[in-house]
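User: Hi! I have a structure here that I'd like to talk through with you. Could you take a look?

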Amino acid sequence: MTPDAIDDAVAHLRAGRLVAFPTETVYGLGADAADPDAVARLYSVKGRPTGHPVIVHVATAEQLDTVAADVPDWARALVARHWPGPLTLVVRRRPGAVCDAVTGGRDTVGVRVPDHPVATALLTRFAGGVAAPSANRFGRVSPTTAEHVRSDLGDDVAAVLDGGACAVGVESTIVDATGPAPVVLRLGAVTAEQIEAATGLTPTDSLHGAVAAPGTLASHYAPDATVEIVTATELSERVGAHLRAGRRIGVLAPDGITAEHLAAEPLIAGKSTADAPTVGPADAVSAPSRIVVLPPPADAAAYAHDLYARLRDADLLGLDVVVVVPPGGAGIAAAVTDRLRRAATVRE
Ligand code: TXA
Ligand code: MG
């Protein structure tokens with residue numbers, strides 16, 4: 001990443017244009033949070049219904065008070081521990097700090113300090129808040145590489161800063177900090193245990209609450225392929241049923257599960273393909289079998305890292321169904337399972 005590329009991106013933001021940038025979670029589609037026209041462009045390119053708030057990104061935790069008001073002490077303790085990092089705080093909005101469209105007219109605002117050198121360079125040089133949802137069209141799979149952004153948004157974005165594959169791979173944990181104790185609105189890499197350790201308060205959650213938060217809508221993060229969640233012991237039977245129905249099937253499961261539980265002969269038992277997928281549409285077309293085993297993640301963190309790339313591979317491969325065994329456990333595994341459930345929800 002050259003300083004010139006950052007300067008160009010800052011110039012685009014100042015001119016009201018959109019810039020995609022890497023964070024440690026997913027790529028964001030950025031607009032000047034103080035420019036109503038730029039934010040309107042953001043909603044239109046995302047295809048996002050207005051009224052759904054976007055997160056404001058700033059370079060440092062010290063900038064929280066430039067957009068927020070009445071931040072509780074427990075929330076300050078939380079960001080002291082986890083910013084920069086995969087954590088978004090929903091706080092009371094400081095009057096006049098960001099334009100109304102950013103917050104969907106609410107009196108609260110989502111704020112995040114991302115942990116990625118390119119994001120930090122951009123935000124530091126821009127020196128203001130950058131409103132940024134994930135850089136995908138509304139409801140679809142979030143991008144975790146610059147290539148994902150380019151293929152989704154094409155010329156609708158003025159610049160894409162390439163920072164490589166995102167380290168975490170799923171969106172930030174969102175914590176509502178407008179009350180006396182933390183309420184988790186979206187699961188992510190910062191876990192309930194970490195929130196409790198930092199604040200001394202036990203978080204509750206409102207993952208299916210009434211907050212109009214797109215990342216918390218039941219159907220979200222979805223590829224074109226149908227996502228079906230199964231247990232390891234159900235895997236073989238479900239794959240068999242889809243095969244008999246003539247469907248083209250993908251299997252995504254933690255390492256070791258497929259070898260033990262899949263009776264059918266898979267097309268590809270891949271290696272990790274975070275940067276260079278080993279499976280491509282040509283493989284699927286030329287192969288006799290209709291089962292593709294997507295490269296199995298070694299652990300929950302790898303599952304998060306690879307999840308969206310695997311769901312995108314499923315579409316590139318023209319699969320009808322991806323049969324998925326989620327990672328077991330809490331923390332980042334729970335965040336992955338949450339995204340899989342939303343991807344599996346049938347769209348209207
Ligand atoms: O990891 C992330 O958070 C990524 C990167 C780019 O930072 N961003 C991201 O943004 O996932 P987006 O727009 O795809 O999801 C943001 C979530 C939405 O569910 C939104 O409704 C919620 O944050 N949100 C933002 N401001 C809010 C507010 N004031 N009250 C409640 N929810 C809010
Ligand atoms: Mg999103």
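This is a predicted model: local features need pLDDT of at least 70, side-chain atom pairs count only at pLDDT 80 or more; totals for chains, interfaces and linings use all residues.

User: Let's start with helix 9: which of its residues are buried?
Analyst: Residues are numbered from 1 along each chain as its sequence is written, chains are lettered from A and ligands numbered from 1 in the order in which they are written, and side-chain values use heavy atoms, with hydrogens and water left out. In helix 9 (residues 235–244), the buried residues are Leu235, Val239, Gly240 and His242. Buried means under 20% relative accessible area, exposed over 50%, and partly exposed in between (1.4 Å probe, protein chains only). Helices (H or I, at least four residues) and strands (E, at least two) are DSSP runs, numbered from the N terminus.

User: Why do those residues sit on the same side of helix 9?
Analyst: Because they cover an arc of only 165° around the axis; the arc is that of the directions from the helix axis to the C-beta atoms. On the other side of helix 9, Glu237 and Arg244 are exposed.

User: And what do the buried residues of helix 9 pack against?
Analyst: They pack against strand 12 (226–229), strand 13 (249–252), helix 10 (257–261), strand 14 (291–293) and strand 15 (321–324). Contact here means heavy atoms within 4.5 Å.

User: Nice. In what order do the strands of that open sheet come?
Analyst: The order is 12-15-13-14, with parallel pairing among the four strands. Strand 12 and strand 14 are the edges, each pairing on one side only. Two strands pair if DSSP finds at least two bridges between them. Strand 13 and strand 14 have three bridges, and Val251 stands opposite Val293 in strand 14.

User: Which strands does helix 12 touch?
Analyst: Helix 12 (residues 300–316) packs on the sheet against strand 12, strand 13 and strand 15, and its direction makes about 180° with that of strand 13. Helix 13 packs on the sheet too, touching strand 12 and strand 15, at about 130° to the direction of strand 12. Axes are lines fitted to C-alpha atoms, for helices over the stretch in contact, and angles run from 0 to 180 degrees between N-to-C directions.

User: Changing topic: which residues touch the most other members of the largest nonpolar core?
Analyst: Leu89, Val91 and Val102, out of 46 residues in that core. Helix 2 gives the most to this core, with five residues. A nonpolar core is a set of buried Ala, Val, Leu, Ile, Met, Phe, Trp, Tyr and Cys residues joined through side-chain atoms within 4.5 Å.

User: Where is Ala127, then?
Analyst: Ala127 lies in the loop between helix 6 (117–126) and strand 7 (130–131). At 59% relative accessibility, Ala127 is exposed, and Asp70 is exposed at 67%.
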